[in-house]
Amino acid sequence: MAQLQRPTFAFMNRRLVPWDEATLHIGCEASIRGLNVFEGLKGYWQTDGRFKVVMVRQHYERLKRSARLLHIPFESSFEEYLGAIDQLIGALANPEKDMWARTTLFVTDGHWGENTVSDLVVTAYHQEKKLPSAIRLGMSTWRRSSDVALSARIKTGSNYQVSRLARIEGRPSGYEDMVLLNQSGRVAEATGSCVLMVRGETVFTPPATEGALESITLDIVEWLAQSMNVKFVRRPIDRTELLIADEIGLCGTLCEITLASSIEGLPLSEKSPILGAIQQRYFEAVRGTNPHPAVDLTVLPSVKSAR
Ligand code: PMP
């Protein structure tokens, strides 16, 4: 998506507002220091015509954890959080498209951590109902910052400045996404997703302590793999190990499970039998054609059934 969509409404100050009126003041900490924490959620039309959002409770809990780490007050209950998403998607839903929603706590008042006030803002965008295509993956010279600088565990906009630089770096080489290494030169994560690597019969991924977000999709992938009798191991991954992997994929709420067709220009096999099977199973679960206990789906009552 080169250009962000401009939906009719956003949710701000506890109500729906027209897109053009959803603005922040230039003097607030969200503007001057990029102070915000956020979550990206995905919702899918189900085979029974209902619209459901994936892992809302887990996203709410992670938003609370990010807010806590940056000392941002977050008073909304889970019901209020869900209600905000429901109102906005209820107003924007289109039966032809799935949706992703961004729930952001912007710091609208306060100074250097005193008298901090935040507002829960929700924006939502339409998404094509299709499997993601395989991508060419590069490896960035930019690194995830360390846990004692700006932890990857905190889902804050400022953590994506490195991601943005990595994408800019990769674009002239034709890379659609980039792997970021950590301060020790091992694999951390990609710009907006976690890295999955297959060697032999096993799926590996770096633990969050290597500089990755505590991914909700990764927990789903772990459970799916186990129920498909595929071994899943969290352990550090060297840069060169990724270059000789049998299969590579990315996973995250928005990129779902995306396979890599090459890494740093080195082609990967056309077939990704293990990650391809997990990808298939993931889509069956999120679309409700074949539910799985790892995938928690919440129906949005304000969204009219597609039937
Ligand atoms: N790492 C980063 C940097 C991300 O932005 C995301 C997407 N939220 C992920 C990993 C994957 O997290 P999740 O599976 O919870 O979406």
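Start by selecting α3 (78–92) and β6 (114–127): each of them supplies at least two residues of the lining of the second largest pocket. Keep in mind as you look around that this is a predicted model. The space in the second largest pocket comes to about 300 Å³. To find its centre, pick Arg14, Ser76, Ser118, Asp119 and Leu120, which are the closest to it of the 13 lining residues. What kinds of residues make up the lining? Colour by type and you'll find seven nonpolar, two polar and four charged.

Next stop: helix α2, residues 56–69. Then show the side chains of Val56, His59, Tyr60, Arg62, Leu63, Ser66 and Ala67, which are buried. Turn the view so you look down the axis of α2: the buried residues fall within an arc of 165°, so they line one face of the helix. Just after α2, click on histidine 71, which takes a positive phi of about 55°.

Last, jump to strand β11 (residues 202–205) and select threonine 202. Is threonine 202 buried or exposed? With a relative accessible area of 13%, threonine 202 is buried, because buried means under 20%. Leaving aside neighbours within four places in sequence, threonine 202 is in contact with Met197, Lys231, Phe232 and Val233.

Methods:
Residues numbered from 1 in each chain as written. Predicted model: local features only at pLDDT ≥ 70, side-chain atom pairs only at ≥ 80, totals over all residues. Heavy atoms only, no water. 1 Å grid on protein atoms, 1.4 Å probe; cavity = no way out; pocket = protein on both sides within 12 Å on 5 of 7 lines; lining within 4 Å. Points joined across faces, edges and corners; volume = space filled by probe spheres on them. Helix = DSSP H or I, 4+ residues; strand = E, 2+ residues; numbered from the N terminus. Nonpolar A, V, L, I, M, F, W, Y, C, P; charged D, E, K, R; others polar. Expected span 1.5 Å × (residues − 1). Buried < 20%, exposed > 50% of the residue type's maximum accessible area, 1.4 Å probe, protein only. Arc of directions from axis to C-beta. Contact = heavy atoms within 4.5 Å.
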